[in-house]
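User: I would like to go through this model one question at a time. Please give the cut-offs as the terms come up.

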Amino acid sequence: TNNQILIETANTYKLVQDYQNALKYYSKAAFNDTTNTLLQMECANCKFLDEQYTQSNTDFMKIYQEDTLNYFAIKRLALGFNKVNNNDTSIYFFKKAITIKPSDASNVTNLCNILITKDKYQEGIDLTENYRLIDSTNQKVNSVNAYLYLLNKQYKTAIDKFNRCFASSDSSRFVLKNLGISYFKNESFDTAKFWLEKAYVLDTTDILNLQFLGLACSQAYYSKLGIFYLEKALKQYDPMLKDFATIYRNLAEIYRSWTQCTCEKRLEIYLKAYDLNPKDSLL
């Protein structure tokens, strides 16, 4: 019945990430002190950390209903509802968290990731631009901001934004890859090849990067190199995925433009591409 010992025991289990035992002792302490909101939050948080999201959502909702400005509970509800794919409720709580604490960049980026799945790119742009008025140096927000412009087909703006990210010492694969894709979409194929190859060095297995890199090489008159990258993408692809047929179609186009390719090899690729794209009259 000694709550100090129970709480210290729970804290120790929490430190070693044994959340089930931490929950056990926090629950004992909370039973002894039923009005202690902090203990209720610790119990709910252990469930969240133990990936019991449905249960943690229920517990945090009770805390929120008692105190609708409890920032920790609001943020956990936003994350928790996202984990169970209840995105509309997650969006509501992320927006509420941003209203309470607009300087917390993680809320902005997490909310933008949900908006991207709903194709609400302009809303994400507005959100990140508003945050940049508070802090224009946050690398994560800046890269997401640039990516949203790319998704919104504002390619020149995306190029400018990603170049600023790179100039600000953000040389992450995300920035390099999407800067390359932005240049590709803007039909600057040589420059696209340059940045996509930098991203390739950091991860040689990224299928999307391999696709754009292969196409950029082809458009920049490096057909044989383009074939290498697209064939590498095919080796890592699941034939059941829809993009598998598209990669073969693009590979057939590059083989068609590669003048040194033998007819036998070209025919082999055409037949495979046609098998996957039987309605393609050109094939």
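User: Which residue caps the N-terminal end of helix 13?

Analyst: The model is predicted, so local features need pLDDT of at least 70 and side-chain atom pairs count only at pLDDT 80 or more, while totals for chains, interfaces and linings use all residues. Residues are numbered from 1 along each chain as its sequence is written, and side-chain values use heavy atoms, with hydrogens and water left out. Helices are DSSP runs of H or I with at least four residues, numbered from the N terminus. At helix 13, a side-chain oxygen lies 3.1 Å from the backbone nitrogen of L208, and the residue that supplies this oxygen is D206.

User: How many of the 13 residues of helix 13 are buried?

Analyst: Buried means under 20% relative accessible area, exposed over 50%, and partly exposed in between (1.4 Å probe, protein chains only). Among the buried residues of helix 13 are L210, F212, L213 and C217. Helix 13 is mostly covered, and the count of buried residues is ten.

User: Is F166 buried or partly exposed?

Analyst: F166 lies in helix 10, residues 155–167. Contact means heavy atoms within 4.5 Å; leaving out residues up to four places away in sequence, F166 touches S171, V175, L176 and W195. Because its relative accessible area is 32%, F166 is partly exposed.

User: Which helix gives the most to the lining of the largest pocket?

Analyst: On a 1 Å grid over the protein atoms alone, a pocket is an open set of points where a 1.4 Å probe fits, with protein on both sides within 12 Å along at least five of seven lines; lining residues have an atom within 4 Å of a point. The largest pocket is lined by 13 residues, and those nearest its centre include Y147, L150 and N178. Helix 9 (139–151) and helix 11 (173–185) each supply at least two residues of this lining. With six residues, the one that gives the most is helix 11.

Technical notes: A polar contact is a pair of N or O atoms within 3.5 Å; within protein, one must be able to donate a hydrogen and the other to accept it, and residues adjacent in sequence count only if both atoms are side-chain atoms.
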